Amino acid sequence: MSEPDPSDIALYLIGEILDDLPDDAHLYQMDLHKILYLLQKRLDDDNLVAEKLPFYWYRHGPVTQAVFEASESATRRDVAQTEQNEQGTRYLQGPATPPSPSIDTHQAALSEASDELSEIIENYRFYQQRDRLLEEDIYSDAPYAFQPEVKFNLLPATQTFVDNERPEPERLADSFNRAESKLPLDDSFSGFNSEFSRLVTLAEMFLDDDAVAHPLLQAELQELVETAWRVFSDHLQSETADDYYADSQQQWERNAQQSLSVFAQELNAFEQRLKEAGFFERDAPRATEGESWARVAESILSEN
Amino acid sequence: MGQSRGVDTERELARLEDHSRHFIDANLLIGFSVEWDQQNSASKFYFNRGSPAYITSERVYEEARGVVEQCRRQTLQVATHVAMEFDSGLESQLFDDIHRFIDLHFDDLKSPVKEYVEYNRPAFRTLSGDPPEQETDRIKSEIRDDYKTPLRFLAKLCHDSDILGIWTEAPTDHEDIYDGLYESLDDIMTNKDDRDLLLDAHDFLVVTGRDGLLVATLDRSDFIDDREALESVLDPIEIVDLLGLYRETAAGQE
């Protein structure tokens, strides 16, 4: 008997999820990824269902191609009904029952998955605090500390800074500092790390000075932080995907390189605007004997 | 004076005085961000000698800034890992472990990061003792502030063209425009950043129509060991052995 297709397993599980959905609750596609990720965590590694859900990390958390394909298929086969709203596509239970995937020899694995799924649905935060669930139950597994730092600290701090009538630039500068300190050590992120450090330098230069008086530059800084997260996620996708995604890897790597190059250009443009607004004119004394930078610089020069 | 330990001091001094325009390397930009004391102050030795027009390329300026940013990033990354994964135990063991961590995880700029860790030992000792998050953040802010001096200084330098001219017209890739020269330099130099610095200097000379230019650097291994070959390819650009000159003159007098 041939191995079952991951999207058939995901379709069956989506049917189960929608069937168990509490009254008036709805799901977005990202919830389907999250619920099946939580399911995979609970199952033994050798459970066939767990094996057949190949997750990788992306912008909104762990995702799998099986859910992307199965959620489309669920709509097509009336397993799910969908509604569009501003936040995306909502998934509700449809009239049809999904076909059971052909894993007869692993029926026990499917039953175990169904049981665990019911428990996950029961505890899933359908109505509120989904971000807390994401932070506590999912991002605690994130492979890089930079991910939760940006998602739950830097991005919201930037939003607060832009929205607040009395913005606090020092707080945002601290968030940038924390994020830089948690950049991945892997060589594969070295290009991104350099550009992110450049963003941190420019942001600090802006935030240390008269940032409050420049709302357009504030908005631009916010866009740059969002871009940084997208660029990082493009690299993250390649780094965390397993062999199941071998056919997509080359294209993903090309996209990641391209988005990094666009990010670098956007940083150049932001730097130019900071220069035009006078942020580079500030007096800057040289380091004196005994100061940290004097010692570090001496060490750099002696390396030559 | 005269020739000593392979350095013809008269020749090097003449080069410095003969050129009114100096194209400076990233190591001098980094050194210039410090008000050097008398010890090992090759950078101060150079900048105090006279007032030629200082020029560098955007690429070299970016390299200097990138070096400072990389030092800051790596220092902060070390701080994070010490806070998260290291135990406070024997002090000597702790700092040996931190140095090993730096050797293991970073390809370059290891010594400057180790230098910073040594300078700020109390901070790293505190981080290893599982401090509250607020204290960890405070120490990280302190590290950030320590690296602000050179970054601010470089920003100021780049803004004021009376102090430092930045040549922004150089092509991103020289190979198509200066193909013969590119290949010749590529054969001589192993460090590709240094090859591009020389091509930027050449581009400046060609585009502005100047009749001469001095490349000033503290890097002996990449520029001075093969200087004769490089200068024959780059004529009329000359390269000065600043570090050799400094060691033979000013350093000996301290």
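What follows is a tour of a predicted model, going from domains to the chain contact, then to a sheet and a helix.

**Stop 1: domains.** Colour chain A by its domain assignment: domain 1 is 6-130 and domain 2 is 142-298. Their C-alpha centres lie 34 Å apart. Where they touch, domain 1 of chain A puts in 5 residues and domain 2 of chain A puts in 12 residues. On the domain 1 side of that contact you'll find 4 nonpolar residues, no polar ones and 1 charged.

Now do chain B. Here domain 1 comes in two pieces, 3-65 + 150-253, and domain 2 is 69-147. For this chain, 33 Å separate the two domain centres, taken over C-alpha atoms.

**Stop 2: where the chains meet.** Select the contact between the chains: 35 residues from chain A and 44 residues from chain B. On the chain A side, helix H8 (169-181), H9 and H12 each supply at least two residues. Which helix gives the most to this side of chain A? Pick H12(A), with 11 residues. By type, the chain A side splits into 12 nonpolar, 10 polar and 13 charged residues.

**Stop 3: the sheet in chain B.** Switch to cartoon and look for an open sheet of 5 strands, in the order S5-S4-S3-S6-S7, with parallel pairing. S5 and strand S7 (237-241) of chain B are the edge strands, each with a single partner, so one side of each has no neighbour in the sheet. On average, neighbouring strands are turned by 35° against each other, direction ignored.

Zoom in on S3 (residues 21-24) and S4 (residues 53-57) of chain B, a parallel pair joined over 3 bridges. Show Phe23(B) and you'll see it opposite Ile55(B) in S4(B).

**Stop 4: helix H9 of chain B.** Select residues 148-159 of chain B: H9 has 12 residues and reaches 16 Å from first C-alpha to last, close to the 16 Å expected. Is this helix enclosed or open? With 9 of its 12 residues buried, H9(B) is largely enclosed by the rest of the structure. Among the buried ones are Arg152(B), Phe153(B) and Leu157(B).

To see what surrounds them, show helix H9 (190-208) and helix H12 (292-303) of chain A, plus helix H2 (26-32), helix H4 (58-85) and strand S5 (165-167) of chain B: the buried residues of H9(B) pack against these elements of both chains.

Note on methods: Residues are numbered from 1 along each chain as its sequence is written. Chains are lettered from A and ligands numbered from 1 in the order in which they are written. This is a predicted model: local features need pLDDT of at least 70, side-chain atom pairs count only at pLDDT 80 or more; totals for chains, interfaces and linings use all residues. Helices (H or I, at least four residues) and strands (E, at least two) are DSSP runs, numbered from the N terminus. The expected span of a helix is 1.5 Å times one less than its number of residues. A residue is buried if 20 or more other C-beta atoms lie within 10 Å of its own, exposed if 12 or fewer, and partly exposed in between; C-beta atoms are placed from the backbone. Two residues are in contact if their C-beta atoms, placed from the backbone, lie within 7 Å. Domain bounds come from an automatic or database domain assignment. Ala, Val, Leu, Ile, Met, Phe, Trp, Tyr, Cys and Pro count as nonpolar, Asp, Glu, Lys and Arg as charged, and the others, Gly among them, as polar. Two strands pair if DSSP finds at least two bridges between them. Axes are lines fitted to C-alpha atoms, for helices over the stretch in contact, and angles run from 0 to 180 degrees between N-to-C directions.
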